[in-house]
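This report concerns salt bridges and backbone angles. Please examine the sequence and the structure shown below before reading on.

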Amino acid sequence: MFEEIIRLAHVIGATVLFGTGAGIAFFMVMARRTENPALIAHVAGTVVIADTVFTATAAVFQPITGYLLADIIGWPLTEGWVFLSLLLYVFTGIFWLPVVWIQIRLRDIARASATAGTPLPAQWFRLYRIWLACGFPAFFAVVGIIWLMLMKPDIPLWS
């Protein structure tokens, strides 16, 4: 019973990470297309909250449930697909952490533009491009992790 609960928590965590990431990206891209600072500020504010509540929480619990699940089932962390999943998880985090800061800056810059009644400055668009560029490797790394978790391929890392 404990294994099933941990497995469910792990799958829900993966779903939250993937779904929140995709949703955040979609809403930010759609808001950016308007070039309306007030709308962008509102959406970016919601994105920051969603990333804090959902993504950060899932990101903390994912390795815990993953470790517990591996321990219960008997998968060593050095098992090829498990180890590769862990590497991809760290890789994802390397791209996600700057994105959190960038989202806060995007929100703050858009708020300032909305308050001043001015268009978004070049700095906002520069940060947005970096934010978008960081999202692609993180997104595909999460897809890779999910694939590894489902397929559990035999990856001989240690001979």
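Glu3 counts as partly exposed, at 27% relative accessibility; here buried means under 20% relative accessible area, exposed means over 50%, and partly exposed lies in between (1.4 Å probe, protein chains only). The model is a predicted one, in which local features need pLDDT of at least 70 and side-chain atom pairs count only at pLDDT 80 or more, while totals for chains, interfaces and linings use all residues. Residues are numbered from 1 along each chain as its sequence is written, and side-chain values use heavy atoms, with hydrogens and water left out.

Glu3 takes part in a salt bridge with Arg7. A salt bridge is defined as a side-chain nitrogen of Lys or Arg within 4 Å of a carboxyl oxygen of Asp or Glu. Arg7 is likewise partly exposed, at 34% relative accessibility. Both residues lie in helix H1 (residues 2-34), and because they are four residues apart there, about one helical turn separates Arg7 from Glu3. Helices (H or I, at least four residues) and strands (E, at least two) are DSSP runs numbered from the N terminus.

| Salt bridge | Closest N and O atoms |
|---|---|
| Arg7 and Glu3 | 2.6 Å |
| Glu35 and Arg32 | 3.3 Å |
| Arg107 and Asp108 | 2.9 Å |

In the pair formed by Glu35 and Arg32, Arg32 is partly exposed with a relative accessible area of 22%, and Glu35 is partly exposed at 46% relative accessibility. Where is Glu35 found? Glu35 belongs to the loop between H1 and helix H2 (37-73). The backbone of Glu35 also deserves attention: its phi is near 55°, a positive value in a residue other than glycine.

A positive phi in a residue other than glycine is also present at Lys152, where the angle is near 45°. Lys152 is placed in the segment after helix H4 (122-151). With a relative accessible area of 34%, Lys152 is partly exposed.
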